[in-house]
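Here is a short report on the fold and packing of one protein chain. Keep the coordinates open while reading.

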Amino acid sequence: MAGRVQPRQLAFALAHAESFTRDDFLEGPANAAGLALVDRWPDWPNQTMFLVGPEGSGKSHLAAIWAEQSGARSTSAHALTAAEVPGALATGALVIEDLKAADIDERALFHLLNLAREEDAFVLMTARTSPTEVELRDLRSRLRAVPAVELLPPDDHLFRALIVKFCADRQLAVDETVVSYLTTRLERSYAAVRQAVELLDTEALRLGRPVTRALAAELLRSNA
C-alpha cells in the first residue's frame, strides 16, 4: 500500500560466548608479564598476587587460565563474606575478581588472606588498580605487601588483533579496511574496542547492513 511505513528491524541483545582458554588468549608485550606469572605457577614470588590492569585488558582471561591449571575456585570480591572464606580456599587456590576498596567486606578479605597464609594456599586477585586505600589498617598493610603484576595498554599489533577477535566472537565478518579504519580511529584501550565492536554488531543487525568501513565511519561519527 502506498505510504505504508516499513517495520523497523529490531536488534536483540543476545549473549556472545567468549572463550577463556589458553589457545584463545592474545599474547603481546602489553600482557607478557601477566602471562609469565600464570606460566610460572606454582613458582610465584608470593603465594598471593595481584593482577592489575585497565578494563578489558585480559585479567579475567588470565585468571581463568590459571584457575584451569591450578584447580582454583573463583569468586567476585564484592560477593566474598566471612562465612564463605573456608570453602573458598577448599582447593588450595582461589581467584578473587574485580577487587575495589569501596566494594568489599574488609574483614572477610583480611580473614581470607590470613587463612590462605596458614594453609599455604594460592590467591590471585584482579583489580584495575591496587586497592590499598581500605579502612581496616591491618588489611591495608597486608594488601600493600602483595606483589602486583601490571597489564599495559595494547600496542599496535595487539590492538588490531583485539578488533579481529572481538568481531570473531560475535561472528561478524569484517575485512581489512574495517580493521584498519577502527585501528586509526578508536581510543587505544581495550574497553574502546569492545564498545565499538558491540555497536557495530547491534547497528548492523538493526539496519540489516553488512559491517563495512562506511558503516563504521557513520557510527563513530554519530557517537563521537
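Two strands count as paired if DSSP finds at least two bridges between them. The model is predicted.

**Overall layout**

The chain has 9 helices and 5 strands. From the N terminus on, the elements run α-β-α-β-α-β-α-β-α-β-α-α-α-α. The C-alpha trace spans about 75 × 35 × 30 Å along its principal axes. Of the 224 residues, 43% count as buried. Take the contacts with a separation of 6 or more: 73% of them come from residues 24 or more positions apart.

One pair gives a sense of scale. Ala108 and Leu186 are 78 residues apart along the chain, and their C-alpha atoms are separated by 40 Å.

**The sheet**

In which order do the strands of the open sheet lie? The order is E2-E3-E4-E1-E5, with parallel pairing across 5 strands. Strand E2 (73-76) and strand E5 (148-150) are the edge strands, and each pairs on one side only. Neighbouring strands are turned by 20° against each other on average, direction ignored. Strands of a sheet pair through backbone hydrogen bonds, either parallel or antiparallel.

Strand E3 can be followed in detail. E2 and E3 pair in the parallel sense over 4 bridges. Thr75 has Ile96 in E3 as its bridge partner. On to E4: 4 bridges join E3 to E4, which run parallel.

How many residues of E3 are buried? The count is 5 of its 5 residues, and the strand is mostly covered. Both faces are covered. Ala93, Val95 and Glu97 are buried on one side, Leu94 and Ile96 on the other.

**Helices on the sheet**

Helix H1 (residues 32-40) lies across E1, E4 and E5. H1 runs at about 135° to E5. H4 lies across E1, E3 and E4, and runs at about 145° to E4.

**Cores**

The largest nonpolar core has 27 residues. Those with the most contacts inside this core are Ile96, Leu99, Leu109, Leu112, Met125 and Leu139. Two or more residues each come from strand E1 (48-52), helix H3 (85-88), strand E3 (93-97), helix H4 (106-118), strand E4 (122-127) and helix H5 (137-144). H4 gives the largest share, 7 residues.

Leu99 shows how the parts meet. Leaving aside neighbours within four places in sequence, Leu99 is in contact with Phe50, Ala77, Ile104, Leu109, Met125, Thr126, Ala127 and Pro131. Another core lies apart from the largest one. This other core has 24 residues, among them Val193, Val197, Val211 and Leu215.

**A closer look at Ala108**

Ala108 sits in helix H4. Why does Ala108 count as buried? The relative accessibility of Ala108 is 1%, and the cut-off for buried is under 20%. Beyond its neighbours within four places in sequence, Ala108 is in contact with Leu80, Thr81, Ala82 and Val85.

**Helix against helix**

Two packed helices are described by the angle between their axes and the distance between the axes. Two pairs are set out below.

| Helix pair | Angle | Axis distance |
|---|---|---|
| H4 and H5 | about 50° | 10 Å |
| H6 (residues 156-169) and H8 (residues 190-207) | about 35° | 10 Å |

At their angle, H4 and H5 are therefore oblique to each other. H4 passes H5 in a left-handed crossing. On the H4 side, the residues that meet H5 are Glu106, Leu109, Phe110, Leu113, Asn114 and Arg117. On the H5 side stand Asp138, Leu139, Arg142 and Leu143. Leu109 and Leu139 also belong to the residues with the most contacts inside the largest core.

H6 and H8 cross in the right-handed sense. H6 brings Leu158, Phe159, Leu162, Ile163, Phe166 and Cys167 to this pair. H8 meets them with Tyr190, Val193, Arg194 and Val197. Val193 and Val197 are also among the residues of the 24-residue core.

Definitions and conventions:
Residues numbered from 1 in each chain as written. Predicted model: local features only at pLDDT ≥ 70, side-chain atom pairs only at ≥ 80, totals over all residues. Heavy atoms only, no water. Core = buried A, V, L, I, M, F, W, Y, C linked by side-chain atoms within 4.5 Å. Buried < 20%, exposed > 50% of the residue type's maximum accessible area, 1.4 Å probe, protein only. Contact = heavy atoms within 4.5 Å. Axes fitted to C-alpha atoms, helices over the stretch in contact; angles between N-to-C directions. Parallel < 35°, antiparallel > 145°, perpendicular 65-115°, else oblique. Left-handed = near helix turned anticlockwise from the far one by under 90°.
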